[in-house]
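Colleague: Please take me through the packing in this model, with the cut-offs stated.

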Amino acid sequence: MREKWDKWPVGYFHTFFIFFCLKGGLKMPKIKHYKKESDFQSDLIKQIKKDLPESIVLKNDPEYKQGIPDLLIANGNKYAFLEVKKSKDEPHQPNQDYYIDKAKRESFGEFIFPENKQQILSEMYDYFNRK
């Protein structure tokens, strides 16, 4: 027995699809582009503090030790390092990969930029919520 959808002419689907696309289709969240890394970092710190009010967010001094990630987030007995970039195309500075890899082995560490922000924050929040 054929399903009722099998009886629809192909033209109906094409008409619907074209109408759907013309009306905007699925809306993807817009990615905010930043001219300066510090602007993105400031917005990121505000969001983390809002989402995890019990956490401590520390901005590391880039002059102290080359390659240390920009942010340290302490939440309970867990911590995470985030290296902030203004875009996914920004080059990595010397030692940044080393410290992020070390953080990944010992706790949580990632490069974060506007294009992957939601994914990385979600993974970090999951890490903090694991028992």
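Colleague: Which of the 19 residues in the largest nonpolar core touch the most other members?

Modeller: This is a predicted model, in which local features need pLDDT of at least 70, side-chain atom pairs count only at pLDDT 80 or more, and totals for chains, interfaces and linings use all residues. Residues are numbered from 1 along each chain as its sequence is written, and side-chain values use heavy atoms, leaving out hydrogens and water. A nonpolar core is a set of buried (under 20% relative accessible area, 1.4 Å probe, protein chains only) Ala, Val, Leu, Ile, Met, Phe, Trp, Tyr and Cys residues joined through side-chain atoms within 4.5 Å. Those touching the most other members are Leu44, Ile48, Ile73, Leu82, Ile112 and Met124.

Colleague: Which element supplies the largest share of this core?

Modeller: Helices (H or I, at least four residues) and strands (E, at least two) are DSSP runs, numbered from the N terminus. H2, E2, E3, E4 and H4 each supply at least two residues of the core. The largest share, six residues, comes from H4.

Colleague: Why are the buried residues of H4 on the same side?

Modeller: In H4, the buried residues are Lys117, Ile120, Leu121, Met124, Tyr125, Tyr127 and Phe128. They lie on the same side because the arc they cover around the axis, taken from the directions from the helix axis to the C-beta atoms, is only 155 degrees.

Colleague: With which side chain does the side chain of asparagine 75 make a polar contact?

Modeller: Asparagine 75 lies in strand E2 and counts as buried, at 11% relative accessibility. A polar contact is a pair of N or O atoms within 3.5 Å; within protein, one must be able to donate a hydrogen and the other to accept it, and residues adjacent in sequence count only if both atoms are side-chain atoms. At 3.2 Å, the partner is the side chain of glutamate 54.

Notes
Buried < 20%, exposed > 50% of the residue type's maximum accessible area, 1.4 Å probe, protein only.
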